[in-house]
Amino acid sequence: MTNMTCYHCGDNCDSGRISFDEKNFCCNGCKTVYEIFTTNGLSNFYEIEARAGTTPNEVQKKYDFLDNKDIASKLIEFDEEGVQVVNLSIPTIHCSSCIWVLENLNRLHSSISNSQVNFPKKTIRVTYKTDNFSLRTLVLLLSSIGYEPYISLEEYGKKDGKVDRSLIYKLGVAGFTFGNVMLLSFPEYFEVEEFWLEQYKQVFRWLMFAFSLPVVFYAAQDYFVSAIKGLRSKLLNIDVPIALGILTLFLRSTIDIIFDLGSGFFDSLTGLVFFLLLGKYFQQKTYSFLSFERDYKSYFPIAVTRLDAEREEENVQVYKIQQGDRILIRNQEIIPVDCILIKGTAEIDYSFVTGESQAIFKNSGDKLFAGGKQLSGVLEVEVLKSVSQSYLTQLWGNSVFQKDKVSAFQSLTDSIGKRFTTAVLSIAIISSIFWLFYMPSMALNVFTAVLIIACPCAIALAAPFTLGNMLRIFGKHKFYLKNANVIERLAKVDTAIFDKTGTITSSKKETITYEGVALNNEETKLLKTTLRASNHPLSRSLYNILKSNDIETLDEFQEHTGMGIEGRMNGHSIKLGSATYVGKDGTVSQENTSVFINADEDYKGRFVFKNSYREGVDVLFEELGRSMEIGILSGDNDGERKRLQRKLPKKTALLFDQKPKDKLDYIKQLQNRHSVLMVGDGLNDAGALAQSDVGISVSEDINVFSPACDGILDASKLTKLPIFVKLSQKSIQIIKMSFLLSLCYNLVGLYFAVTGQLQPVVAAILMPLSSISIVVFTTLMTNLLARKLAKPNKERRNDDDQGHI
């Protein structure tokens with residue numbers, strides 16, 4: 001019997017052979033990979049490399065060291081209850097097809113729960129179950145489909161990891177050749193007829209050809225790879241016309257000098273690639289800077305409670321936590337560090353890390369990983385190592401929370417890029433057909449000239465420079481967005497919904513009074529201990545006025561979201577929350593927000609909170625009300641209705657006694673006809689923030705970290721929210737204006753191209769000029785807009801009334 005080999009990996013598959021699509025496979029895994037490739041236009045993968053899925057023996061042996069648990073633990077970020085999370089560098093990621101394949105690894109192996117690609121950094125974050133699967137198995141699986149990870153334990157021990165300087169090298173090559181080609185082209189531009197220049201004209205032309213080779217085959221290779229992969233995946237991305245323009249420039253110029261038809265367009269070719277790479281470099285620098293800012297600045301309001309040597313509690317910024325510190329983790333709070341549990345019973349939800357929502361119970365002495373959320377009671381832990389802010393940033397960007405929002409929203413560049421590519425190809429074909437009938441000798445010249453002059457380099461630069469600069473500006477004013485996509489979505493919102501408590505009210509200026517039967521010492525101690533475990537704004541405010549060191553460990557703690565909390569200790573219980581929750585009979589005046597107290601099933605009284613609204617909220621609602629609908633969703637009673645109505649525009653929707661699910665359902669209902677902005681404090685609003693088109697968490701000094709949002713806004717900057725929305729809209733206008741500016745250049749160039757009059761000097765002027773002018777225009781305009789943020793509200797409103805930017 002003849003040996004049969006697997007079409008995907010090349011292994012022998014006589015026993016257990018699987019036939020599919022008239023091909024043989026050794027296992028269902030290889031068959032599944034083949035199906036993924038073929039159904040998504042990637043069957044050419046097998047034409048490029050026979051037995052594409054093979055994992056050679058030398059590759060298998062290469063990763064045997066990953067079976068060593070001590071070595072593997074240096075690479076694994078999270079390891080708990082049979083689930084591991086690892087972040088691997090994949091240098092061969094280069095296009096949307098790669099992203100699609102790598103984010104569908106769960107279809108290749110059932111043990112893989114989730115995989116998320118970070119395209120700019122060329123990394124993949126994989127969550128998998130360790131039953132019959134390991135890190136080594138994952139690495140071999142990735143290698144078998146052509147994505148072998150780069151693993152260096154020495155590099156993983158460093159903070160920043162491996163530095164990729166390839167873009168700098170390519171930019172250097174393109175800049176060097178561009179300068180030399182321009183120098184060699186000057187005699188051609190000015191038609192200098194000096195004897196020696198004329199004598200060596202052909203030498204100069206072939207030198208320009210030689211200089212162009214490293215530009216086309218090295219510096220510009222990413223554009224060709226991306227365009228090819230995009231076409232294979234049936235995606236008409238912006239790199240298709242760019243790659244087509246570069247290739248056309250090179251071939252046309254080469255033909256010109258071979259047949260002595262002219263000097264070609266080598267100057268335009270090298271200049272085009274140089275400016276494209278320059279734009280990519282600035283974009284990369286911008287996002288690297290933003291990443292650093294997020295590490296240490298965007299989380300500055302996020303505090304934790306640290307216990308000093310005298311066990312006094314103090315709120316400190318999260319990145320100031322050091323190894324050996326004792327900190328408190330309250331109910332519903334994210335664990336910011338790897339730590340050891342000292343006191344309390346931990347019920348940890350690691351879904352922020354793994355996507356699995358099943359709680360894990362831990363006892364004193366057990367290790368807790370960063371990213372878990374405590375579900376019940378308060379914990380005292382000892383820090384094992386300082387906070388890795390980049391890890392928290394990674395949690396905030398986890399696809400578990402935002403994948404649907406981003407995938408459902410098509411960016412402006414994508415939509416315009418597709419239309420631009422179609423238009424350019426149509427113009428090139430139509431003009432060529434015309435010249436075929438009128439003057440056939442001009443047809444090829446016109447076709448290539450259109451592709452050359454209409455290369456969308458300026459379009460490719462407009463959005464990254466505008467949105468990247470705007471992200472930086474927002475960050476300087478304490479408004480931290482997850483990515484540039486949020487700006488585009490924020491520009492489209494037409495409805496703004498606000499939570500009340502902790503969002504438009506300030507816990508720092510509340511007046512709290514007690515009405516009812518006085519609590520005895522035991523009841524007061526139990527009340528304080530129970531409040532200590534809760535993260536609700538009202539609980540934090542009440543705890544601060546009762547705060548003392550007379551704290552003990554609760555036997556049991558429960559928090560019923562939207563209703564109240566309950567604590568039990570030494571056979572006694574206390575409940576505090578809504579009147580219904582504590583069992584208060586009869587009607588109670590609710591002119592102000594109240595928290596009712598029940599001790600040992602006996603109603604005692606209530607704490608009355610007189611809300612203090614943040615300064616300038618009436619101006620905030622007035623400005624937002626000019627351009628969008630406003631609504632308030634509050635979990636409190638309607639005691640503040642009349643007071644709120646005086647601050648809000650008429651016909652504002654006011655909904656009280658809203659549970660978290662009610663808020664989420666209301667947002668979902670609004671989205672049937674509106675684009676919704678939700679502004680909350682990141683506590684009971686997590687579902688509504690995640691559901692909304694744009695969710696913004698307002699942060700003061702409460703101990704909470706909520707990744708279910710698109711941005712974090714410092715509470716002191718809440719009144720600037722209208723201007724943030726307007727600047728987002730202005731950013732989109734700047735991008736569109738940049739497209740129009742680029743279109744003007746293209747129309748001028750197309751006139752010369754379609755009429756067969758395109759000369760190298762025209763292309764050499766228009767192409768760099770369009771790129772430079774777009775960069776200068778977007779930078780100046782965004783910086784001009786930034787001045788508006790620095791102005792006081794009153795002065796800014798006067799500018800708006802006068803129609804100023």
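Here, a buried residue is one with under 20% relative accessible area. All the close-ups below come from a predicted model.

**View 1. A salt bridge between Asp260 and Arg205.** Start with Arg205: at 5% relative accessibility, this residue falls under the 20% cut-off, so Arg205 counts as buried. Its side chain meets that of Asp260 in a salt bridge, with 2.9 Å from N to O. The two partners come from distant parts of the chain, 55 residues apart. Arg205 belongs to helix α10 (residues 201-219), while Asp260 sits in the loop between α12 (239-258) and α13 (266-296). If you go looking for others, a search of the whole structure turns up 14 salt bridges. Side chains of opposite charge can pair when their charged atoms come close.

**View 2. Arg326 and Glu382, strand to strand.** Here the side chains of Arg326 and Glu382 form a salt bridge at 3.3 Å, N to O. This pair also ties together distant parts of the chain: Arg326 is in strand β9 (residues 326-329) and Glu382 in strand β15 (residues 379-383), 56 residues apart. Glu382 comes out at 30% relative accessibility and counts as partly exposed.

**View 3. Asp499 meets Lys663.** These two side chains make a salt bridge of 3.0 Å, N to O. Asp499 is in strand β17 (residues 495-499) and Lys663 in helix α26 (residues 660-670), and the pair links distant parts of the chain, 164 residues apart. Both Asp499 and Lys663 are buried.

**View 4. Glu523 and the residues around it.** Glu523 lies in helix α21 (residues 521-532). With a relative accessible area of 12%, Glu523 is buried. What does Glu523 touch, once residues up to four places away in sequence are set aside? The list is Ala518, Ile574, Ala599 and Lys604.

**View 5. Phe498 in the largest nonpolar core.** The largest nonpolar core has 54 residues. Phe498 is one of the residues with the most contacts inside it, along with Phe474, Ile504, Phe621, Leu677 and Leu721. Leaving out residues up to four places away in sequence, the neighbours that Phe498 touches include Thr503, Ile504, Leu620, Phe621, Leu624, Val679 and Leu721. Also on that contact list are Ile630, Gly631, Ile632 and Leu633. There is a second, separate core of 31 residues, with Phe178, Ile257, Phe266 and Leu277 among them.

View 6. Leu244, Leu425, Ile429, Ile433, Leu436 and Phe437 make a nonpolar surface patch of about 570 Å². Which helix gives the most to this patch? That would be helix α17 (residues 412-438), with 5 residues. Leu425 is found in helix α17, and at 31% relative accessibility Leu425 counts as partly exposed.

View 7. The structure holds 17 aromatic pairs. In one of them, Phe434 and Trp435 pair edge-to-face, with 5.6 Å centre to centre and 80 degrees between the planes. Phe434, at 47% relative accessibility, counts as partly exposed, whereas Trp435, at 10%, counts as buried. Phe434 and Tyr438 have ring centres 5.7 Å apart and planes at 15 degrees, so this pair is stacked. Phe434 and Tyr438 are 4 residues apart in helix α17, which means about one helical turn separates them. Tyr438 itself is exposed, with a relative accessible area of 56%.

**View 8. An aromatic cluster.** Trp206, Phe209, Phe217, Phe250 and Phe266 form one aromatic cluster.

View 9. Thr580 is found in helix α23 (residues 579-582). Is Thr580 buried or exposed? At 72% relative accessibility, Thr580 counts as exposed. Thr580 and Gly564 lie 16 residues apart in sequence, and their C-alpha atoms are 9.7 Å apart in space.

Technical notes: Residues numbered from 1 in each chain as written. Predicted model: local features only at pLDDT ≥ 70, side-chain atom pairs only at ≥ 80, totals over all residues. Heavy atoms only, no water. Salt bridge = Lys/Arg side-chain N within 4 Å of Asp/Glu carboxyl O. Helix = DSSP H or I, 4+ residues; strand = E, 2+ residues; numbered from the N terminus. Buried < 20%, exposed > 50% of the residue type's maximum accessible area, 1.4 Å probe, protein only. Contact = heavy atoms within 4.5 Å. Core = buried A, V, L, I, M, F, W, Y, C linked by side-chain atoms within 4.5 Å. Patch = residues over 30% accessible without salt bridge, like charges linked within 9 Å, V, L, I, M, F, W, Y side chains within 5 Å. Areas by Shrake-Rupley, 256 points an atom, 1.4 Å probe, with all protein chains shown as cover. Phe/Tyr/Trp six-rings, centres within 6.5 Å; stacked < 30°, edge-to-face > 60°.
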